Amino acid sequence: MKLRVKNNSVRLRLTQVEVAHFNDSGRVEEVIEFGIEPHQRFIYAIESGAETETMRAAIENNRITILVPKAQADEWTNTARIGIEAEQEIGDGKTLRLLIEKDFACLEPRAGEDDADTFPHPNEGRF
């Protein structure tokens, strides 16, 4: 799962295996280790649940979790729909943009990119 954070937006991109795992278990998580101590880890996760009414994000103890309503997660994982998005009001007139997408293969090969488990790009072969 790829994480992109820019300005007031958080975007997650999931591979085919991760989308299937999210569909089956309701959760996918990644850990980035900056050192060997537990407080030197950063975790980002996506979870679905029937009790979640709207897509939203929370951050606590070096962990970002994006919560997705189960019905919305089921529709996204079981169809060709590419992404789901929401804006979360955070106060003082500001919002946090949330975007979850299926990860597509690159149209041009790039060094260091592993496209083995990505979704086929919809524009592949058009150029």
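Strand S7 (residues 83-91) and strand S8 pair in the antiparallel sense over eight bridges. Strands pair if DSSP finds at least two bridges between them. Strands (E, at least two residues) and helices (H or I, at least four) are DSSP runs, numbered from the N terminus. This is a predicted model: local features need pLDDT of at least 70, side-chain atom pairs count only at pLDDT 80 or more, and totals for chains, interfaces and linings use all residues. Residues are numbered from 1 along each chain as its sequence is written, and side-chain values use heavy atoms, with hydrogens and water left out.

Stay with S7 and S8. The two strands form a hairpin with two residues between them. Asp 92 sits in that turn, with a positive phi of about 55 degrees. Ala 86 has Leu 98 in S8 as its bridge partner. Leu 98 also stands opposite Val 10. Strand S2 (residues 9-14) runs parallel to S8 (residues 94-102), joined by six bridges.

Now turn to the open sheet. Four strands lie in the order S3-S4-S6-S5, with mixed pairing. Strand S3 (27-33) and strand S5 (56-60) are the edge strands, and each pairs on one side only. From one strand to the next, the twist averages 15 degrees. Seven bridges join S3 to strand S4 (residues 41-49) in the antiparallel sense. One of the partners in S4 is Phe 42, bridged to Ile 32.

Two helices come next. Helix H1 (residues 16-25) lies across S3, S4 and strand S6 (63-69). H1 runs at about 125 degrees to S3. Helix H2 (residues 70-77) lies across S4 and S6, at about 85 degrees to S6. Axes are lines fitted to C-alpha atoms, for helices over the stretch in contact, and angles run from 0 to 180 degrees between N-to-C directions. Contact means heavy atoms within 4.5 Å.

Last, the aromatic rings. Rings of Phe, Tyr and Trp (its six-membered ring) pair if their centres lie within 6.5 Å; planes under 30 degrees apart count as stacked, over 60 as edge-to-face and the rest as tilted. By this rule there are two aromatic pairs. Phe 22 and Trp 76 are edge-to-face, 6.3 Å centre to centre, with 65 degrees between the planes. Phe 22 lies in helix H1 and Trp 76 in helix H2, so the pair ties together parts 54 residues apart in sequence. Both Phe 22 and Trp 76 are buried (under 20% relative accessible area, with exposed over 50% and partly exposed in between; 1.4 Å probe, protein chains only). The rings of Phe 42 and Tyr 44 have centres 6.4 Å apart and planes at 35 degrees, so this pair is tilted. Phe 42 and Tyr 44 are buried too.
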